[in-house]
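Load the model and colour it by secondary structure. The paragraphs below go from the whole chain to single residues.

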Amino acid sequence: MTQETNRTATAALYRAVWRWHFIAGLIVLPFVLILSVTGGIYLFKDEINNAAHHQLRFVEPRADALSASQITAAALAAHPGTLRAYSPAPAPDRSAEVDITGEDGLRNTVYVDPYDARVLGTLWDGGAAGSPAMYVVRKLHSLEYVGWFGNRLIEAAAGWMILLVASGIYLWLPRGRKTVGTLRIKATRGRPWWRDLHAVTGIYTGVFIVFLALTGLPWSGVWGTKFYDIAYDLGLGMPDGYWTGLPLSSVPTEAVVDRAPWIMERQPIPASPLPDAGEHAGHTAAAMASDQPDLVAPQVLDAVVATVEGLGIVPGYALSLPSGPTGVFTASVYPDDISFERTIHLDRYTGAVLYDAGFEDLGALGRFAEWGISVHMGQEWGLVNQIVLLLACLAMVMLCVSAATMWWKRRPSGALGIPSVPTDWRIPRTLLVMAIAAGIFFPLVGLSMLLLAAIEVAAHLIARRRSFA
């Protein structure tokens with residue numbers, strides 16, 4: 001009798017997991033498609049940008065490059081406005097980039113040949129994406145076009161992806177049926193073929209899907225913020241000590257640079273202390289800052305470039321210029337080898353280094369998060385990294401297509417075809433324990449679970465009322 005009860009309970013639990021796997025899969029399917037397609041494209045953003053804008057990004061290597069002041073002066077002469085950032089050529093065959101805010105308020109990137117100061121052309125500034133097209137892809141990937149709500153939807157979808165993999169593995173485990181637990185596609189056509197394709201794709205790529213979901217969560221609004229706070233409180237994220245004795249601004253690092261290490265993005269930048277009247281006359285930059293705070297003298301720009309390069313920052317860095325009287329120079333680099341990532345802030349008046357931190361200055365969780373993000377973006381191991389993650393993105397597309405096809409083939413005419421509610425409602429209570437644990441770790445998943453559970457209960461009560469009517 002006990003053995004029969006256990007079999008009944010196991011079968012009911014299987015049906016309950018299958019029902020939630022089915023419902024959650026249909027709900028998050030469009031979001032998984034958006035994430036996988038845009039993510040697969042963004043993995044190759046540099047290659048795409050280089051091919052699409054080759055005439056802007058590449059030059060003929062020559063002997064000696066011009067100074068930063070000469071390059072930025074040429075850019076401003078061709079496109080008048082306010083200088084916002086300068087990126088030296090990252091390689092001998094690459095152009096320099098100058099970010100300028102024009103009189104219309106738009107920020108453009110001017111590409112300049114670093115050997116003769118010839119202006120090669122301009123693009124609307126796409127930030128870390130590198131071009132307007134890749135900027136669109138990046139915003140679609142995070143659904144930022146929908147604002148904070150879009151970010152929350154993507155965060156919930158990422159959490160559900162992890163649970164879908166876990167529940168999919170549970171459903172895949174053999175239970176004495178030939179069609180379950182397969183490691184290869186056995187069926188030849190119809191819905192069984194799509195089922196085998198779905199199962200085989202999921203079992204071989206599940207670990208990559210979970211990795212992509214977890215390493216994407218640091219950017220999320222709820223989970224990412226909690227992770228950052230916990231890492232900081234434990235002393236394993238962004239360490240204390242850099243700001244001791246320095247005035248702080250209310251501007252986060254991510255607001256002044258295109259790409260900073262994730263763990264540093266929310267840290268406020270320091271403020272340049274205003275010099276007194278005597279000191280003010282002794283510094284060219286300070287004299288200019290008194291009435292034109294967004295202007296920097298050419299010799300000051302050259303000196304700042306010499307300072308940050310003397311500190312050993314690797315090529316590919318960008319230098320953001322001060323904004324306002326208390327602004328700072330910020331040099332940042334996020335290279336493929338994240339052990340060389342770095343952020344440096346300099347006093348705009350004295351050139352003193354206010355802040356200088358790299359990968360090794362982070363705590364254990366901070367370094368782990370940075371490494372995960374680097375792999376997530378396809379940077380850590382070059383082309384191999386990109387190809388493996390592209391295959392994972394294609395697998396996610398295949399999972400969505402196969403899931404949608406199976407649903408379409410199984411659904412009754414005029415109905416959704418959702419698996420029936422288990423008759424033994426004690427089993428979903430067991431499932432509820434797992435749901436609570438998942439909801440604690442992924443808060444937005446927990447919130448969406450509560451919503452789905454409320455709908456489940458309402459549907460059950462309505463069905464009971466109709467059965468007694």
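Start with how the chain folds back on itself. Among contacts (heavy atoms within 4.5 Å) in the protein chain between residues at least 6 apart in sequence, 62% join residues at least 24 apart. This is a predicted model: local features need pLDDT of at least 70, side-chain atom pairs count only at pLDDT 80 or more, and totals for chains, interfaces and linings use all residues. Residues are numbered from 1 along each chain as its sequence is written, and side-chain values use heavy atoms, with hydrogens and water left out.

The protein chain holds 15 helices and 10 strands. Both are DSSP runs numbered from the N terminus: helices are H or I with at least four residues, strands are E with at least two. Of the 469 residues, 45% count as buried. Buried means under 20% relative accessible area, exposed means over 50%, and partly exposed lies in between (1.4 Å probe, protein chains only). The accessible surface comes to about 23200 Å², and 64% of that belongs to carbon and sulfur atoms. Such areas come from the Shrake-Rupley method with a 1.4 Å probe; for residues, only the protein chains shown count as cover.

Now a nonpolar surface patch. Val-136, Leu-140, Tyr-145, Val-146, Trp-148 and Phe-149 make one of about 620 Å². Patches are made of residues with over 30% relative accessible area and no salt bridge; like charges are joined within 9 Å, and nonpolar side chains (Val, Leu, Ile, Met, Phe, Trp, Tyr) within 5 Å. A salt bridge is a side-chain nitrogen of Lys or Arg within 4 Å of a carboxyl oxygen of Asp or Glu. Helix 5 (132–142) and helix 6 (148–172) each supply at least two residues of the patch. Trp-148 is found in helix 6. At 60% relative accessibility, Trp-148 counts as exposed. Helix 5 also has buried residues: Met-134, Val-137, Lys-139 and Ser-142.

What follows helix 5? Leu-143 comes just after this helix, with a positive phi of about 55°. Leu-143 is found in the loop between helix 5 and helix 6, and is buried at a relative accessible area of 11%. Most residues other than glycine have a negative phi. Ala-117 is not a glycine either, yet has a positive phi of about 65°. Ala-117 is placed in the loop between strand 3 (107–112) and strand 4 (119–124).

Turn to the rings. The whole structure contains 12 aromatic pairs. Rings of Phe, Tyr and Trp (its six-membered ring) pair if their centres lie within 6.5 Å; planes under 30 degrees apart count as stacked, over 60 as edge-to-face and the rest as tilted. Trp-193 and Trp-194 have ring centres 5.0 Å apart and planes at 85°, so this pair is edge-to-face. Trp-193 is partly exposed, at 28% relative accessibility. Phe-441 and Phe-442 are also edge-to-face, at 4.7 Å centre to centre and 85° between the planes. Phe-441 is partly exposed at 47%, while Phe-442 is buried at 7%. Phe-211, Phe-368, Trp-371 and Trp-381 form one aromatic cluster.

Charges meet rings too. The charged end of Arg-94 sits over the ring of Phe-58, 5.1 Å from its centre. For Arg-348 over the ring of Tyr-349, the distance is 5.6 Å. The criterion is NZ of Lys or CZ of Arg within 6 Å of the ring centre and within 35 degrees of the ring normal.

Last, find Gly-202 in helix 7 (residues 190–216). The C-alpha atoms of Gly-202 and Leu-164 are separated by 9.6 Å.
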